[in-house]
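My entries follow the structure.

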Amino acid sequence: LLSTGVGALRALGGAAHLSHLARRSPPQYAPVTAALQQNRHSSFFNKLTADELWRGVLAESGAGARKGRGKRTKRKIKKDLNRGQNLGEGRAGYLWPGLNSPVYRDGSVQKPSQRGEAEQKEVTAALERQRDEWDKRRKTKIKRERGWTGYSWGGISLGPPDPGPNGETYEDFDSRVIEVKSVFNVTAKESRKRSISALVAVGNGNGAAGFALGKAADKNTALRKAKNRAMHYLYYIERYNNHTIYHDIESKFKRTTLRMKKQNKGYGLRCHRAVITLCKLIGIEDMYAKVDGSVNLLNITRALFHGLANQETHQNLADKKKLNVVEFRAEQGTLPIVVARPQLGARKEPEVEDDVPNTRLHWADVKASQGVKRSVWAGVKRTIW
Amino acid sequence: MLFTTSPSIPCGSLKGGSSIHSRSDIIYSMAASSFTRCLVRSYFCVKCVDHVQTRLQTTTRMFCVSASRSSFVDAPKAQFTDTEVQDILTKITGLDLKKVFRPIRQQLTPPKYKLVTDTELEEAVRKAEEQAKHLLKMPPVLPERKPINDVLYEDQMLEGMDTAKYVFTDINFNVPHRERFIVVREPSGTLRKATWNERDRLIQVYFPKEGRKITPPPIFKEENLRVVFEQDRHEDVLNQCIVQFEPDSAEFKNVLMLTYEDIEKHGKYDLLRSTRFFGGLTWHLVNGRRIDGLLVDMLQRDLMQDAVRLVHLFNLVHPQSESAQQAQTQQATDLDLLKIYAQYESNRAGFIELAVQTCEQAKALSSF
């Protein structure tokens with residue numbers, strides 16, 4: 001049954017006997033010569049299904065919706081109007097055994113009856129209240145977790161990736177969005193075909209991390225695709241003492257250079273916000289990173305992963321050079337701490353060291369260390385990283 | 001790869017006002033006249049780039065008094081400053097590099113790495129050990145300083161001149177602090193030499209030493225010390241005490257005594273092992289004839305050699321005791337010393353003998 005808010009039409013359904021009872025008997029008029037009043041008791045509202053009617057109201061597929069011409073604010077939301085309705089409930093308030101009321105009561109079969117006025121008013125009021133409550137609940141805005149800025153999707157967590165086909169779960173992995181952007185492809189049929197591209201990274205905070213790009217027509221599908229795809233492209237990254245990298249890395253990918261410096265415990269992640277998100281997923285806690293050149297997020301991600309994956313652990317260094325790797329910490333005086341010994345034993349010839357180390361310096365670092373750098377952000381002290 | 005060699009003492013640790021972990025450096029030097037008794041001058045310094053080294057010298061008068069007194073009691077009794085005693089104490093203290101070079105509280109920097117051969121590594125370890133020995137130099141054990149009651153002049157004419165005392169200090173730069181003239185004019189008109197407390201205070205005012213406060217901080221009060229001892233921070237208190245007080249002052253000795261008593265009571269000897277206070281602790285216990293707790297602790301940690309040395313030290317310090325005389329007659333060495341001590345002097349004889357037996361069995365097994 002369809003009950004609309006339009007007052008002019010009566011609630012007439014398919015049941016013939018109902019209309020028979022509800023309709024008042026036509027008054028006895030004297031035959032008149034004026035034209036008969038045409039009264040239709042069915043219109044397109046009754047002849048179409050709810051879905052078809054809603055399709056007409058929402059106008060999802062029309063010329064306006066194509067090619068991105070639809071306005072953002074003029075979007076209507078489909079609402080199920082049959083919710084809360086029971087077969088047998090009507091405005092008159094009749095009780096039909098089997099539909100509204102029980103068939104058997106005290107052993108005997110019931111007969112159809114009618115509710116009292118007050119009771120019927122109560123029932124309708126209750127239904128109204130229930131509908132209002134549903135509307136209110138639907139209208140309440142759920143606070144969306146904020147990423148790097150209020151509107152951007154960067155840095156927002158999507159939860160763990162979906163379980164795999166063989167039942168494996170990835171509960172200890174967390175996925176974070178790095179970038180969401182709408183990209184266009186020019187096709188022959190429609191001129192510009194819009195799709196959303198999402199770059200998502202996953203990681204378990206213990207060295208296993210990966211990233212992937214997902215594209216789809218709508219945002220949620222793109223995010224889901226990227227999240228699940230990232231689990232197939234994982235890197236394992238060695239960390240020193242589980243909090244930082246082994247040595248300073250400079251990795252370049254296309255036109256993006258990423259200079260990463262090893263830091264002591266408690267330094268924090270002083271990097272580009274995307275690099276901070278990625279390092280948190282990997283499990284690196286203290287690092288300094290500077291992005292030079294292009295700041296394309298995909299290139300930054302790739303540069304970071306390539307650089308970290310090609311690190312040389314202390315054991316590797318020791319085996320390569322056949323010398324002991326010894327660490328000197330300022331807070332521990334002159335105590336030598338042996339971090340790695342070569343597996344095949346150390347060689348006898350010591351390492352040749354020049355007076356001036358043969359490393360390439362960066363002008364920005366030199367300026368910063370000399371104090372020549374003129375930037376208001378140079379020595380700023382941040383408490384949140 | 002960069003290699004930083006820090007100078008003998010990490011000066012960075014003394015910046016920022018955190019004086020609890022400052023590392024003092026005590027230098028012993030022998031006097032010129034070696035044919036007389038072993039005259040020793042003890043210096044007490046805090047090395048820092050910006051501050052002048054302060055040196056103390058024991059006055060000749062005090063020295064004569066202490067020398068004559070000790071010669072009356074018994075001739076062969078060992079002193080803290082004897083070479084043999086010092087040798088034993090350093091050996092007992094041990095040299096745990098990890099504990100001596102514990103990370104101190106300072107601004108952290110990323111570590112530096114070096115690729116070294118085995119010989120270079122040994123060289124670096126040797127250098128670290130040398131610096132550790134330097135850091136483990138024991139604070140001196142000096143007799144308590146006599147109070148100064150010298151009145152220079154009584155002047156009735158100046159009586160009632162002011163309500164406050166006037167203190168006159170000689171602030172010549174090249175005068176040692178112990179020989180400085182500090183005199184006080186009382187409101188009653190007497191001109192007297194300043195007491196030790198006043199001297200310390202005023203010298204700190206005119207020649208401030210880093211880490212030392214003008215009035216002693218409240219941590220040295222008994223109830224506060226109790227709290228600190230409960231937190232097992234004996235070493236921090238002792239470091240602060242060394243910086244604050246002079247080694248022959250009453251407060252210094254008092255704080256040291258309280259710390260040692262607390263350690264002895266709870267058996268927390270391991271807190272001071274491999275620090276420079278272990279020698280002082282052992283000396284205090286040996287003089288009080290209460291080495292049982294320490295001995296038992298050493299035996300529990302399988303430090304047999306240290307236990308033997310401790311008993312040997314006891315015999316040196318108390319040559320008229322039973323165990324010393326027995327050892328003398330029997331010419332005992334090593335574990336026999338322990339047995340003799342256990343027999344004659346100790347209260348925990350059973351434990352000591354059991355430990356000695358297990359050690360002998362272990363030795364016998366290993367020799368097969």
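**Conventions.** I note that this is a predicted model, in which local features need pLDDT of at least 70 and side-chain atom pairs count only at pLDDT 80 or more, while totals for chains, interfaces and linings use all residues. Residues are numbered from 1 along each chain as its sequence is written, chains are lettered from A and ligands numbered from 1 in the order in which they are written, and side-chain values use heavy atoms, with hydrogens and water left out.

**Chain B.** I looked up the secondary structure and found 14 helices and 7 strands; these are DSSP runs numbered from the N terminus, helices being H or I of at least four residues and strands E of at least two. Chain B has 368 residues, of which 43% count as buried (under 20% relative accessible area, 1.4 Å probe, protein chains only). The accessible surface of chain B is about 20,300 Å², with 55% belonging to carbon and sulfur atoms (Shrake-Rupley method, 1.4 Å probe). Among contacts in chain B with a separation of 6 or more, 65% come from residues 24 or more positions apart (contact: heavy atoms within 4.5 Å).

**Sheet.** Next I looked up an open sheet of 3 strands, in the order β15(A)-β14(A)-β3(B), with antiparallel pairing (strands pair if DSSP finds at least two bridges between them). Its edge strands are β15 (336-340) of chain A and β3 (112-116) of chain B. Neighbouring strands are turned by 35 degrees against each other on average, direction ignored (axes are lines fitted to C-alpha atoms). I find 5 bridges between β14 (residues 324-328) of chain A and β3(B), and A:Asn324 has B:Val116 as its bridge partner. Helix α8 (residues 314-321) of chain A packs on the sheet and touches β14 and β15 of chain A as well as β3 of chain B; its direction makes about 85 degrees with that of β15(A) (N-to-C directions, 0 to 180 degrees, with helix axes fitted over the stretch in contact).

**Cores.** Which residues have the most contacts inside the largest nonpolar core? They are B:Leu272, B:Leu281, B:Leu295, B:Leu310 and B:Leu338, in a core of 55 residues (buried Ala, Val, Leu, Ile, Met, Phe, Trp, Tyr and Cys joined through side-chain atoms within 4.5 Å). Helix α11 (residues 304-317) of chain B gives the most to this core, with 8 residues. I also checked B:Leu310, whose contacts include B:Ile92, B:Val286 and B:Met298.

**Helix α13(B).** In this helix (residues 335-344), the buried residues include B:Leu338 and B:Tyr341. Their cover includes α10 (292-300), α11, α12 (322-330) and α14 (349-367) of chain B.

Conventions: Buried means under 20% relative accessible area, exposed over 50%, partly exposed in between (1.4 Å probe, protein chains only). Lists of a residue's contacts leave out its neighbours within four places in sequence.
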